[in-house]
Amino acid sequence: MHVLILGSGVVGVTSAYYLASQGHEVTVVDRQAGPAMETSYGNAGQVSFGFSSPWAAPGIPRKALKWMFQEHAPLKIQPKRDPAMARFMMAMFNNCTPERYAVNKERMVRVAEYSRQCIDALRRDTGIRYEDRQRGLLQLFRHESQVEAVTKDMRVLSECGVRHRLLGAEELATAEPALARVPGKFVGGLHLPDDQTGDCHLFTQRLAEHCREHLGVEFRFNVDIQRIERQAGRVEQVMTSEGALSADAYVVCLGSFSPLLVKDLDIRLPIYPVKGYSLTLPVTDDGGAPQSTVMDETFKVAISRFDDRIRVGGTAELASYDLSLLEKRRATISMVVRDVFPEGGDAAKAEFWTGLRPMTPDSTPIIGATRYDNLWLNTGHGTLGWTMSCGSAHLLADLIAGRRPEIDPHGLGVARYAA
């Protein structure tokens, strides 16, 4: 079967890898000059299987109102007349009940834990390296109320078999030694030893090279995807800047731009582009830098270690498709890394970046079939695109091939929004 994949971010390239590994002929098309040049380029660097949690959680509507008036808040809203933003926020708030949170958390952990198995196998099978570390993630709490709130997540983690341990303030340095240099800042933390870190851009590039050299995948870059043409319940072809492209099956992996492409097919994807920012700074003191990933729960900022760099990612900004770099957002994530690891890196020499996370209102990706029998979706992964990419792609490849998947796909497809 010939499969045409639309999009060459980490989700598109992992989809190509698993489909080609099953013997399919695969072509990947993207408007950029190479793989992982948009959302996958400068993400936080965390591969956080155990940390997979919905943004829509009990108490978030109240917190969102409070964050509007804080200088260093994890969520910012740019006032716009944007009906899509209003619909997204309403749908997200509707998912903030304890019942919906539990359902969405289980779905996310189901995909994420499967993805952990898949990426470990992929690394063994391909031998690719991407400044990766398998040393876990530490979620840091500045307030006792955060420690109390995480107990609900711990129950889900236990049910899903995810290893975790709640650490007291005096134990944090056992997971991240540099935290011994900032005593008194944190009251505790949740350690997830099976989480990982690395450079997503490098991972995607090297996996694309492997796909091309060893699996025969064709990559067509600098090609604008214009529209999908259908006939009699099937996709007939995709019109691009280089003409019509046809295949036996089509997979949409366009992140935040997926809804724009499929809306003319009467497919409504409740995906909204949530803008995120990152800094990449050189390590100046190895002993004062993180060894893996820490997540500051108060500011929702992740700090990850590469070989000789630190990646700091955070801030959720609702601003439609605006990609302008705002210095006041830089100030927030810069403040956090200086507060947590004041001696680890040089924030003044950091690369400043922004990208659009494709968020669904329930934070769960959309994986699976559509009303067209040869059109498939693998999109809407939000902040966890890399975390869930391998599991999502393996699941999708099995579904396309008609194989019995290794995890239950129930609740992961677009049909869950039909009600």
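Analyst: To begin with terms, two strands pair if DSSP finds at least two bridges between them, and helices (H or I, at least four residues) and strands (E, at least two) are DSSP runs numbered from the N terminus. The structure is a predicted model: local features need pLDDT of at least 70 and side-chain atom pairs pLDDT 80 or more, while totals for chains, interfaces and linings use all residues. Residues are numbered from 1 along each chain as its sequence is written, and side-chain values use heavy atoms, without hydrogens and water.

User: How many helices and strands are in the chain?

Analyst: The chain has 10 helices and 20 strands. Its radius of gyration, taken over C-alpha atoms, is 20 Å, close to the 22 Å that the globule rule (2.2 Å times the number of residues to the power 0.38) gives for 419 residues, so the chain is as compact as a globular protein of that length. The C-alpha trace spans about 65 × 45 × 40 Å along its principal axes.

User: And what percentage of the residues is buried?

Analyst: Buried residues (under 20% relative accessible area, 1.4 Å probe, protein chains only) make up 60% of the 419 residues.

User: Which strands make up the open sheet of 6?

Analyst: The order is 9-2-1-13-20-19, and the pairing is mixed. Strand 9 (218-220) and strand 19 (366-369) each have a single partner strand, so one side of each is left without a neighbour in the sheet. On average, neighbouring strands of this sheet are turned by 20° against each other, direction ignored; such axes are lines fitted to C-alpha atoms, for helices over the stretch in contact, and angles run from 0 to 180 degrees between N-to-C directions.

User: Do strands 1 and 2 run in which sense, parallel or antiparallel?

Analyst: Strand 1 (residues 2-6) and strand 2 (residues 25-29) pair in the parallel sense, over 5 bridges. Ile-5 has Val-28 in strand 2 as its bridge partner.

User: Changing topic, why is strand 11 described as largely enclosed?

Analyst: In strand 11 (residues 234-240), 5 of the 7 residues are buried, so the strand is largely enclosed by the rest of the structure.

User: What joins strand 10 to strand 11?

Analyst: Strand 10 (residues 225-231) runs antiparallel to strand 11, joined by 6 bridges, and Glu-229 has Gln-237 as its bridge partner. The two strands form a hairpin with 2 residues between them, and Ala-232 in the turn has a positive phi of about 55°.

User: What stands opposite Val-238 in strand 12?

Analyst: Leu-245 stands opposite Val-238. Strand 11 pairs with strand 12 (residues 243-245) in the antiparallel sense over 3 bridges, and a hairpin joins these strands through 2 residues.

Definitions and conventions:
Buried < 20%, exposed > 50% of the residue type's maximum accessible area, 1.4 Å probe, protein only.
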